[in-house]
Amino acid sequence: DNACVTLHRDILTREMELLSLNRQIGEEDKTNLMESFRGSNLYRISLRGETGSGVATTAFVIPRTPQTRSPLTLANCEGNVFLISAEYGIELYESLADLDQKLRARLVDAHEQTYFLEDLLLEEHAALCAEEGAVIEPFYSYFADNLMKYRMVALRRKQIKDLDYLLEAAQ
């Protein structure tokens, strides 16, 4: 587990260095991101629709300016935000509204939607997609755990829960 956590931290650190070289982020951003990875100013992304909801295992939002609100909403979030995801790495958006608009567009596109739905537990995925063409919306809630450690535990939990769901469905 520790080796995976260290590898994950190294990957994100290198990605931050690339963003810095491209002048997309500065030293203060790198420091804030590293602090957020430890469990401050970090918001996880949940998806919800008419038939269900689920928590994305590997997608998180980090406001550039620390926020003290949960849930994070378009009305109460000020300034730039980062999207951290396994699929896209670290992305910087002008505002939560811009990020939210991009996520909603990805959730409508069948190819892009696949990534987010595969990030959910199978049970959550099935409930959320019970109706074809259902509208799926993102929701952002505060998260205080260490990101690196959480992702390893969450992926293991997902494997176990998904296997249990498949075994139950097969009976």
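Is K30 buried or exposed in this structure, and what is its relative accessible area? K30 is buried, with a relative accessible area of 10%, where buried means under 20%, exposed over 50% and partly exposed in between, computed with a 1.4 Å probe on protein chains only. The structure is a predicted model, in which local features need pLDDT of at least 70 and side-chain atom pairs count only at pLDDT 80 or more, while totals for chains, interfaces and linings use all residues. Residues are numbered from 1 along each chain as its sequence is written, and side-chain values use heavy atoms, with hydrogens and water left out.

Charged pairs are described next. Side chains of opposite charge can pair when their charged atoms come close. A salt bridge is defined here as a side-chain nitrogen of Lys or Arg within 4 Å of a carboxyl oxygen of Asp or Glu. By this criterion, the whole structure contains 9 salt bridges. In one of them, E17 is joined to K30, with the closest N and O atoms 3.1 Å apart. This pair links distant parts of the chain, since E17 belongs to helix α1 (residues 2–21) and K30 to helix α2 (residues 27–37), 13 residues apart. Helices (H or I, at least four residues) and strands (E, at least two) are DSSP runs, numbered from the N terminus. In contrast to the buried K30, E17 is partly exposed, at a relative accessible area of 38%.

K30 also forms a salt bridge with E27, for which the closest N and O atoms are 2.8 Å apart. K30 and E27 are separated by about one helical turn, because they lie 3 residues apart in helix α2. E27 counts as exposed because its relative accessibility is 54%. A further salt bridge is formed by the side chains of R104 and E137, at 3.6 Å from N to O. Here too distant parts of the chain are linked: R104 is in helix α3 and E137 in strand β5, 33 residues apart. R104 is partly exposed, with a relative accessible area of 32%, and E137 is likewise partly exposed, at 31% relative accessibility. Through shared partners, salt bridges join E17, E27 and K30 into one network.

Aromatic rings were examined in turn. Rings of Phe, Tyr and Trp (its six-membered ring) pair if their centres lie within 6.5 Å; planes under 30 degrees apart count as stacked, over 60 as edge-to-face and the rest as tilted. The structure holds 6 such aromatic pairs. One of these, between F60 and F143, is tilted, with 5.5 Å from centre to centre and 45° between the planes. The two residues come from distant parts of the chain, F60 from strand β2 (residues 53–63) and F143 from strand β5 (residues 137–143), 83 residues apart. F60 counts as buried because its relative accessibility is 0%, and F143 counts as buried at 3%. F143 additionally pairs with Y150 in an edge-to-face arrangement, at 4.6 Å from centre to centre and 65° between the planes. Both F143 and Y150 are buried. Together, F60, F143 and Y150 form one aromatic cluster.

A ring also takes part in an arrangement with a charge. The charged end of R106 sits over the ring of Y88, 3.6 Å from the ring centre; the criterion is that NZ of Lys or CZ of Arg is within 6 Å of the ring centre and within 35 degrees of the ring normal.

The nonpolar interior was then considered. In soluble globular proteins, nonpolar side chains tend to be buried together. A nonpolar core is a set of buried Ala, Val, Leu, Ile, Met, Phe, Trp, Tyr and Cys residues joined through side-chain atoms within 4.5 Å. The largest such core has 22 residues, of which I45, L47, V61, L96, L99 and Y140 touch the most other members. At least two residues of this core are supplied by each of β1 (42–48), β2, β3, α3 (96–108) and α4 (110–118). The largest share, 4 residues, comes from α3. Leaving aside residues up to four places away in sequence, the contacts of I45 (heavy atoms within 4.5 Å) include V55, L83, L103 and P138. Another core, apart from the largest one, has 18 residues, among them L12, M16, I25 and I84.
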